[in-house]
Amino acid sequence: MQQTAINFMQLRGGSSKGLYFLADDLPLDEAVRNQVILTAIGRDERQIDGLGGADALTSKVAIVSPASRDDADIDFLFVQVVVGKNQVDITPNCGNILAGVGPFAIEAGLIAASEGKTFVRVHMVNSGKICELELCTPNKQMQYEGNESIDGVPGTSAPVVCNYLDVAGSICGALLPTTNLIDDIQGTLVTCIDNGMPVVMIKAQALGVTGSESPQTLNDNVPLRERLERIRIEAGQRMNLGDVTHKAIPKMCLISPAQNGGLINTRTFIPHQCHSSIGVLGAVTVATGCILPGTVASDLVHICSGQNKRISVEHPSGKFDVSLLVDEQGSLPSITKAGVLRTARLLSKGTLFVPSSLFCQEK
């Protein structure tokens, strides 16, 4: 079998890990490109014939290229490989993988690092929105060592500050895509919201669980997962996402009272397995749902007044802090900027190999 070599880097971005490619190193034809990505990550549940880690958090891909618009420095297309389904999904963003995009762009020579700090404006192609990354670059070199820690990742690293600008309705077209603060779906009250990631927020108690269970316990609860999927399918239609049967969105988030000093406790399914933590934009969206009066979270949280709000979202691996800049002049609070702290580390770089026969279909 003849094989074709493709340049790549592997980085940990936030609490995820993925393969990063320059767009020019992948096929131009989208269908062929997707087949190459599936082969590179792995097609079966164990991903034994690829570089993925048999988990949604390690089956991710970033495709990076020079910016296609004047207000950005680079373009970033996120691709989620759906583990064991032999499918990819380019509908959502991924804030964790995004944290590695700036370091990758510097390592790949797309961007020249500045002395001390480098600011990179990223056009998130999946949603058409902008995120500004702040990177540590002493001596004009990407720095990975540092003292910042994030839950779900061992050790400490240099900070990557991610400021999301105007991401409301990124995927669904509106912050509240159903126009309602609360909807009744399949006999369950939910809040459907999209501030960077489509999320369906549901009180854990409404589904007969406490919300403090381990991800494995929730994954073993087949009736719960079947009920969540029925809600997800209908919610997808109402959220302008169409048939989401084979999509990774919307994320289903069980919420319950905070247990460890945060504002809210969460258990997130992406889409069928309970996440060991929570995604970046998922946390931003849940935090937003908490500050809007009248959502399913309203009676579980107490929100202080003021433009700058720091929301601590609890998840199975710890907490995720989100800083929201809020305009409270309208009938509902409006989020003008959402900031999160992530870290990233370059893990490897080199060439991977895929069968040359994959390229026979390229136009």
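**Pockets, a cavity and a buried helix**

The lining of the largest cavity splits into eight nonpolar, eight polar and two charged residues, where Ala, Val, Leu, Ile, Met, Phe, Trp, Tyr, Cys and Pro count as nonpolar, Asp, Glu, Lys and Arg as charged, and the others, Gly among them, as polar. The model is a predicted one, with local features needing pLDDT of at least 70 and side-chain atom pairs counting only at pLDDT 80 or more, while totals for chains, interfaces and linings use all residues. Residues are numbered from 1 along each chain as its sequence is written, and side-chain values use heavy atoms, with hydrogens and water left out.

What is a cavity here? On a 1 Å grid over the protein atoms alone, a cavity is a set of points where a 1.4 Å probe fits but cannot get out, whereas a pocket is an open set with protein on both sides within 12 Å along at least five of seven lines; lining residues have an atom within 4 Å of a point. Grid points are joined across faces, edges and corners, and a volume is the space filled by probe spheres set on the points. The count comes to one cavity of 30 Å³ or more, and the largest cavity has a volume of about 170 Å³. Its lining has 18 residues, with Lys60, Asn93, Met197, Lys251 and Gly279 nearest the centre. Helix 6 gives the largest share of this lining, three residues. (Helices are DSSP runs of H or I with at least four residues, strands are runs of E with at least two, and both are numbered from the N terminus.)

Helix 6 itself covers residues 280–291 and reaches 17 Å from its first C-alpha to its last, close to the 16 Å expected at 1.5 Å a residue; the expected span is 1.5 Å times one less than the number of residues. As for cover, 12 of the 12 residues of helix 6 are buried, meaning under 20% relative accessible area with a 1.4 Å probe and protein chains only. Among them are Val280, Gly282, Thr285 and Cys290.

On to the pockets. The largest pocket holds about 540 Å³ and is lined by 23 residues, including Asp55, Ala56 and Gln273, which are among those nearest its centre. Strand 4 supplies the largest share of that lining, three residues. By class, the lining has 11 nonpolar, seven polar and five charged residues.

The second largest pocket comes to about 380 Å³. Strand 15 gives the most to its lining, with seven residues.

Notes: Buried means under 20% relative accessible area, exposed over 50%, partly exposed in between (1.4 Å probe, protein chains only).
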